[in-house]
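Biologist: I would like to learn how to read a model such as this one. Please show it to me and take the features one at a time.

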Amino acid sequence: MHSRRIVAIVAVVATAGLLALGSGPSSAVGEVLTAGTNTTTASGTPVAVTGFNVTGGSGDVQVSLATSVSGVGTITLGTLTGLTFSSGDGTADESMAFRGTLANVNAALASVSFTPAPGFVGVVTINSQASDADGVANPDNGHYYQFVNTGDVTWAAANTAAGGMSYYGLTGYLATITSQAEEDFVQSKIGAAEAWIGGSDAGTEGDWKWVGGPEAGTTFWLAACTTGLQGVCGTTGQFNFWSASEPNNFGGPGEDNLQIVAGGSGFWNDFPDSFTLPYIVEFGGLGSATFPTGVTTVTVTAAVAVPSGRTNFTG
Ligand SMILES: [Ca+2]
Ligand SMILES: [Ca+2]
Ligand SMILES: [Ca+2]
């Protein structure tokens with residue numbers, strides 16, 4: 001891979017992930033990413049790639065940079081001040097993702113260089129992307145989540161609010177938890193707080209369905225699954241994470257809405273809509289994500305050598 005002799009198309013992708021204010025995905029997005037300026041270098045010679053810049057949005061931003069294929073060279077940042085890396089470390093990386101204040105991110109973006117792999121000649125593509133810094137995707141499904149803890153609301157109000165939220169083109173919905181990995185990721189967002197999620201049995205008592213997202217209308221729990229189930233129900237084929245003896249439809253009016261209980265266990269409980277809680281919104285599967293992205297090329301030419309056995313004319 002390090003000695004290809006034909007011209008290849010290599011993509012270096014710079015990904016800048018920009019999230020809005022610290023609360024998460026739905027806050028002010030609107031970052032604008034300017035990709036680096038296309039440039040040229042000789043084989044084996046590092047070159048500065050100038051022109052990368054992020055503007056707009058608010059709060060910290062996240063940026064990623066990556067070559068489109070492996071083995072063609074690496075990207076290095078000359079300035080690492082104030083950056084936190086979620087992949088790579090900013091030195092000789094084929095891909096990297098980092099976050100920081102807009103000023104620190106732009107200082108780093110002003111110090112980008114590309115070092116061609118030994119012997120490589122051809123065109124390298126560097127891809128870039130930006131987003132707000134809280135927009136960390138669940139690696140299990142690529143979805144984003146926002147914990148809304150700015151005033152407790154009923155489940156119905158939370159469900160309506162979630163559906164009105166969007167994140168870089170993805171429409172929100174009350175979280176649908178369909179695997180242990182997703183359960184764990186959501187729990188990491190809410191800590192010891194309690195929160196509404198997107199399940200309800202208001203349609204038919206004891207028939208628990210996800211109400212929104214790609215799973216809308218999917219039944220995940222029926223009585224045959226048994227109370228307190230934590231895992232996949234053999235009857236529905238769906239993941240559950242109930243607290244012991246739940247759901248129990250407790251009390252006179254009953255309980256038709258799904259919450260994660262307080263304390264950090266992540267366990268589920270059926271709860272009355274008249275109660276008010278924070279809620280967690282999921283983004284992914286509805287709509288298409290439109291993060292700011294850019295493409296930059298570095299053309300690596302063969303080094304010019306003076307033929308042996310010949311003296312340059314100096315007259
Ligand atoms: Ca989900
Ligand atoms: Ca119920
Ligand atoms: Ca209950």
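This is a predicted model: local features need pLDDT of at least 70, side-chain atom pairs count only at pLDDT 80 or more; totals for chains, interfaces and linings use all residues.

Modeller: Residues are numbered from 1 along each chain as its sequence is written, while chains are lettered from A and ligands numbered from 1 in the order in which they are written.

Biologist: What is the mean pLDDT of the chain?

Modeller: pLDDT is the predictor's confidence in each residue, from 0 to 100. Here the chain has a mean of 88, and 86% of its residues reach 70 or more. Residues 1–28 stay under 50.

Biologist: How many helices and strands does the chain have?

Modeller: Helices (H or I, at least four residues) and strands (E, at least two) are DSSP runs, numbered from the N terminus. This chain has three helices and 23 strands.

Biologist: Which strands form an open sheet with β10?

Modeller: Two strands pair if DSSP finds at least two bridges between them. The order of this open sheet is β4-β10-β7, with antiparallel pairing. Its edge strands are β4 (47–48) and β7 (73–77), each pairing on one side only. Two bridges link β4 to β10 (residues 112–116), and Ala48 has Ser113 as its bridge partner.

Biologist: Thr76 lies in β7. What does Thr76 touch?

Modeller: Two residues are in contact if their C-beta atoms, placed from the backbone, lie within 7 Å. Not counting residues up to four places away in sequence, Thr76 touches Gly90, Thr91, Ala92, Ser113 and Thr115.

Biologist: Where do the buried residues of α3 fall, seen down its axis?

Modeller: An α-helix has 3.6 residues a turn, so residues three or four places apart point the same way. In α3 (residues 180–190), the buried residues are Glu182, Glu183, Phe185, Val186 and Ile190. They fall within an arc of 165 degrees, taken from the directions from the helix axis to the C-beta atoms, so they line one face of the helix. Their cover includes β12 (144–153), β15 (195–200) and β22 (277–283). After α3 comes Gly191, whose phi is positive, near 60 degrees.

Biologist: How many residues of β15 are buried?

Modeller: Six of its six residues are buried. β15 runs antiparallel to β20, joined by three bridges, and Ala195 stands opposite Ile260 there. Two bridges also join β15 to β16 (residues 208–210), again antiparallel, with Ser200 opposite Lys209.

Biologist: Which residues have the most contacts inside the largest nonpolar core?

Modeller: A nonpolar core is a set of buried Ala, Val, Leu, Ile, Met, Phe, Trp, Tyr and Cys residues joined through C-beta atoms within 7 Å. The largest has 68 residues, and those with the most contacts inside it are Leu174, Ala195, Ile197, Tyr279, Ile280 and Val281. β22 gives the most to this core, with five residues. Domain 1 (12–135 + 290–301) and domain 2 (144–283), with bounds from an automatic or database domain assignment, both give residues to the core, so it lies between them. Among the residues that Ile280 touches are Val186 and Ile190, two of the buried residues of α3.

Technical notes. A residue is buried if 20 or more other C-beta atoms lie within 10 Å of its own, exposed if 12 or fewer, and partly exposed in between; C-beta atoms are placed from the backbone.
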